[in-house]
Amino acid sequence: MSEEVKKDSPEELWQDCLLWAREKDNDFKERCRVAGVNSEKLPLKELAALPLQPKPEPSASPFARLTLPLSGVARLMNSTPYLVEEVDDWAQKSAFWLRSCGMTLASILLVADGLDGEGPAWGVLEGAKTMQTTVVSLSARPWETVSECGASACALSAPLLDAWMNSGEGLGTCRTFFCLTAGVSEEQRQAWQKYLGYPVYLQWGLPGLQASLVAWECPQGGGFHLPIDSFWPELIDPQTQELTAPGEAGELVLTALRRRSSPAIRMRTGWAGRFAEKSCRCGSPYPKFIPEEF
């Protein structure tokens with residue numbers, strides 16, 4: 001490893017992450033022991049030498065893997081197990097996405113649900129706060145609340161978007177929609193957009209890693225931008241578990257460079273695709289991951 005490591009570079013973030021995991025993360029230490037891997041000061045370019053971390057179960061919660069007591073984490077509504085700096089990073093990435101989709105200081109955002117426990121709405125809510133955008137939260141009938149508060153954008157779960165479509169109600173002042181549910185099919189999204197007449201932007205979250213905004217849909221379409229200064233990506237062949245060749249598709253594996261409360265090192269996601277070879281027209285500094293099926 002080079003003696004010169006730039007401050008806040010992926011390499012520095014990785015070394016801090018690795019040091020914490022070696023000291024605090026018993027699961028990581030056991031995986032390395034079984035694999036016979038010495039992880040001490042392993043450079044980021046040799047990340048593939050470390051064993052993979054299984055994809056979390058759908059019902060997984062970061063509470064199960066905390067590496068510090070609950071008293072040491074920031075708790076939103078007393079139940080979200082993230083450190084203050086982790087929430088701040090989540091908020092900054094969310095604000096970046098919201099701005100790229102046209103939201104401004106003058107926008108009014110209705111966050112209708114997804115606030116239970118470590119629900120996916122927290123990232124969008126904190127991002128809107130960072131932008132100093134007006135936020136209205138919690139509504140079982142958002143099509144009514146939109147008219148009452150004059151919201152220009154809505155962040156909703158898939159069930160509430162379905163409920164809106166089935167209600168037959170109009171849009172009021174809302175012109176932009178953010179879906180808080182990960183894993184939504186394109187067919188379902190197109191049905192919403194046909195009814196609403198405006199874009200429904202998607203994002204990805206992963207239970208046991210981060211509830212939302214691990215990656216977010218490019219406003220130009222065609223893929224999801226991945227903030228590699230928060231989640232370092234690799235692509236592997238899901239059968240052999242070896243790294244794929246440059247330009248080839250594979251399963252996305254992520255290392256959470258800034259996560260301490262529940263470290264994720266080479267965590268499998270189950271998300272298949274490839275990275276775009278060219279920079280995106282939207283101007284995002286983050287690479288675009290293009291989903292596809294094997």
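User: What should I know about the model before reading it?

Analyst: The model is predicted, so local features need pLDDT of at least 70 and side-chain atom pairs count only at pLDDT 80 or more, while totals for chains, interfaces and linings use all residues. Residues are numbered from 1 along each chain as its sequence is written, and side-chain values use heavy atoms, with hydrogens and water left out.

User: How do strands form a sheet?

Analyst: Strands of a sheet pair through backbone hydrogen bonds, either parallel or antiparallel. Here helices (H or I, at least four residues) and strands (E, at least two) are DSSP runs, numbered from the N terminus. Two strands pair if DSSP finds at least two bridges between them.

User: What is the order of the open sheet of 5 strands?

Analyst: The order is E2-E1-E3-E4-E5, and the pairing is parallel. Strand E2 (134-137) and strand E5 (200-201) are the edge strands, each pairing on one side only. Inside this sheet, 3 parallel bridges link strand E1 (residues 108-111) with strand E3 (residues 153-156). Leu109 stands opposite Ala153 of E3.

User: Which helix lies across E1, E2 and E3?

Analyst: That is helix H5 (residues 142-149), which runs at about 155° to E1. Such an angle is taken between N-to-C directions, from 0 to 180 degrees, using axes that are lines fitted to C-alpha atoms, for helices over the stretch in contact; contact means heavy atoms within 4.5 Å.

User: Which strands stand at the edges of the open sheet of 7 strands?

Analyst: The order of that sheet is E6-E7-E8-E12-E11-E10-E9, with antiparallel pairing. Strand E6 (203-206) and E9 stand at the edges with a single partner strand each, so one side of each has no neighbour in the sheet. E6 is joined to strand E7 (residues 210-217) by 3 bridges, and the two run antiparallel. Leu206 stands opposite Gln210 in E7.

User: How is E11 paired with E10 and E12?

Analyst: Strand E10 (residues 250-256) is joined to E11 by 4 antiparallel bridges, with Gly250 opposite Gly273 of E11. E11 also pairs with strand E12 (residues 288-291), in the antiparallel sense over 3 bridges. Arg274 has Ile290 in E12 as its bridge partner.

User: How many salt bridges does the structure hold?

Analyst: Side chains of opposite charge can pair when their charged atoms come close. A salt bridge is a side-chain nitrogen of Lys or Arg within 4 Å of a carboxyl oxygen of Asp or Glu. The structure holds 15 of them. One of them joins Asp89 and Lys93, whose closest N and O atoms are 2.6 Å apart. Both residues lie in helix H3 (residues 84-100), 4 residues apart, about one turn of the helix. H3 lies across E6 and E7, at about 30° to E7.

User: What is the difference between a pocket and a cavity?

Analyst: On a 1 Å grid over the protein atoms alone, a cavity is a set of points where a 1.4 Å probe fits but cannot get out; a pocket is an open set with protein on both sides within 12 Å along at least five of seven lines; lining residues have an atom within 4 Å of a point. The largest pocket has about 380 Å³ of space. Its lining has 18 residues, with Trp232, Pro233, Glu234, Leu235 and Phe275 nearest the centre. The largest share of this lining, 4 residues, comes from E9.

User: Which residues line the largest cavity?

Analyst: They are Glu86, Asp89, Gln210, Ser230, Phe231, Ala256, Arg258 and Arg259. The volume of the largest cavity is about 60 Å³, where a volume is the space filled by probe spheres set on the grid points, joined across faces, edges and corners.
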